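These are my notes from an afternoon with one model.

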Amino acid sequence: MNQAMTERSVTHATFVLERTYEASPARVFKAWSDPEIKPRWFRGPDEWPRGKYELDFRVGGRERLAGGPPGGTVHLYNAIYQDIVPNERIIIAYDMHLDDRRISVSLMTVEFRPEGKGTRLTFTEQGAFLDGWDEIGGRERGSIQLLDKLGRELERQARED
């Protein structure tokens with residue numbers, strides 16, 4: 001990220017991540033859709049304090065997450081649910097901000113497919129990264145961390161069953 005960037009630019013990029021979880025598609029989908037479960041894994045780095053979180057899980061509904069390092073830049077995720085097929089697919093359009101600066105606009109597609117007794121999750125992000133403030137590599141690394149946290153949440157749930 002170049003915080004001195006004044007030149008306007010846009011970089012388009014796409015990445016796809018796949019994970020297999022030892023949980024049913026219904027359970028993995030619920031981890032994305034339940035306002036009690038999702039905040040346990042869908043958050044910034046563990047050292048960041050929990051930020052404000054809202055989830056209205058329905059087509060046209062919004063999801064917002066604000067957080068950041070103590071005393072540092074506020075990272076804001078602002079999403080609108082575009083398509084929901086229970087236990088199969090979620091499509092989200094979202095933008096990211098650092099404080100008041102929009103740094104990217106993305107389309108995220110999450111697909112859930114049965115695989116054995118578990119679920120194959122395919123996560124696709126198509127992003128427009130703005131003015132040099134964000135880049136695909138950082139977004140992909142952050143998404144990998146989130147999917148790893150999701151895996152730990154699903155493992156925790158399985159231990160409680």
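**Entry: two helices**

I began with helix 1 and helix 3, whose crossing is right-handed. This is a predicted model, so everything I note here is computed from it. Two numbers describe a pair of packed helices: the angle between the axes and the distance between those axes. For helix 1 (residues 25-33) and helix 3 (residues 136-160) I noted an angle of about 120° and axes 11 Å apart.

Which residues make the contact? From helix 1 I listed R27, V28, A31 and W32. From helix 3 I listed L147, L150, L154, Q157 and A158. Sorting the residues of this contact by type gave me seven nonpolar, one polar and one charged.

**Entry: the sheet**

Next I turned to the strands. Strands in a sheet pair through backbone hydrogen bonds, in either a parallel or an antiparallel way. Here I found seven strands in an open sheet, with antiparallel pairing and the order 1-7-6-5-4-3-2. Where are the edges? I put strand 1 at one edge and strand 2 (53-55) at the other, as each pairs on one side only. On average, neighbouring strands of this sheet are turned by 15° against each other, if direction is ignored.

I then checked how the helices sit on this sheet. Helix 1 packs on it and touches strand 1, strand 2, strand 4, strand 5, strand 6 and strand 7. The direction of helix 1 makes about 160° with that of strand 6. Helix 3 lies across strand 1, strand 5, strand 6 and strand 7, and I read its angle to strand 1 as about 20°.

**Entry: strand 7**

I gave strand 7 an entry of its own. Is strand 7 largely enclosed or open? I counted 11 of its 13 residues (118-130) as buried, so the rest of the structure largely encloses this strand. The cut-off I used for buried is under 20% relative accessible area.

On one pairing, strand 1 (residues 10-21) runs antiparallel to strand 7 over 12 bridges. I picked out two of the bridge partners: A13 goes with G127 of strand 7, and T14 goes with Q126 of strand 7.

On another pairing, strand 6 (residues 101-115) and strand 7 are antiparallel and joined by 12 bridges. G127 turned up again here, as the bridge partner of S106. I also noted that strand 6 and strand 7 form a hairpin with two residues between them. In that turn, G116 has a positive phi of about 60°.

- N87 has a phi near 65°, although the residue is not a glycine. I located N87 in the loop between strand 4 (75-85) and strand 5 (89-98). Its relative accessible area is 32%, so I marked N87 as partly exposed.
- D99 has a phi near 55° and is likewise a residue other than glycine. I located D99 in the loop between strand 5 and strand 6. Its relative accessibility of 44% is why I marked D99 as partly exposed.

**Entry: a look at R152**

I stopped at R152, which has its place in helix 3. Its relative accessibility comes to 47%, so R152 counts as partly exposed. I also took the C-alpha to C-alpha distance from R152 to Y94 and got 25 Å, for a pair 58 residues apart in sequence.

**Entry: the whole chain**

The C-alpha atoms fill a box of roughly 50 × 30 × 25 Å along the principal axes. For 161 residues, a compact globule would have a radius of gyration near 15 Å, and the 16 Å of this protein agrees with that. I counted 43% of the 161 residues as buried. Among contacts with a separation of 6 or more, 52% come from residues 24 or more positions apart.

Terms used
Residues numbered from 1 in each chain as written. Predicted model: local features only at pLDDT ≥ 70, side-chain atom pairs only at ≥ 80, totals over all residues. Heavy atoms only, no water. Buried < 20%, exposed > 50% of the residue type's maximum accessible area, 1.4 Å probe, protein only. Helix = DSSP H or I, 4+ residues; strand = E, 2+ residues; numbered from the N terminus. Pairing = 2+ DSSP bridges. Axes fitted to C-alpha atoms, helices over the stretch in contact; angles between N-to-C directions. Left-handed = near helix turned anticlockwise from the far one by under 90°. Contact = heavy atoms within 4.5 Å. Nonpolar A, V, L, I, M, F, W, Y, C, P; charged D, E, K, R; others polar. Rg over C-alpha atoms; globule rule 2.2 N^0.38 Å.
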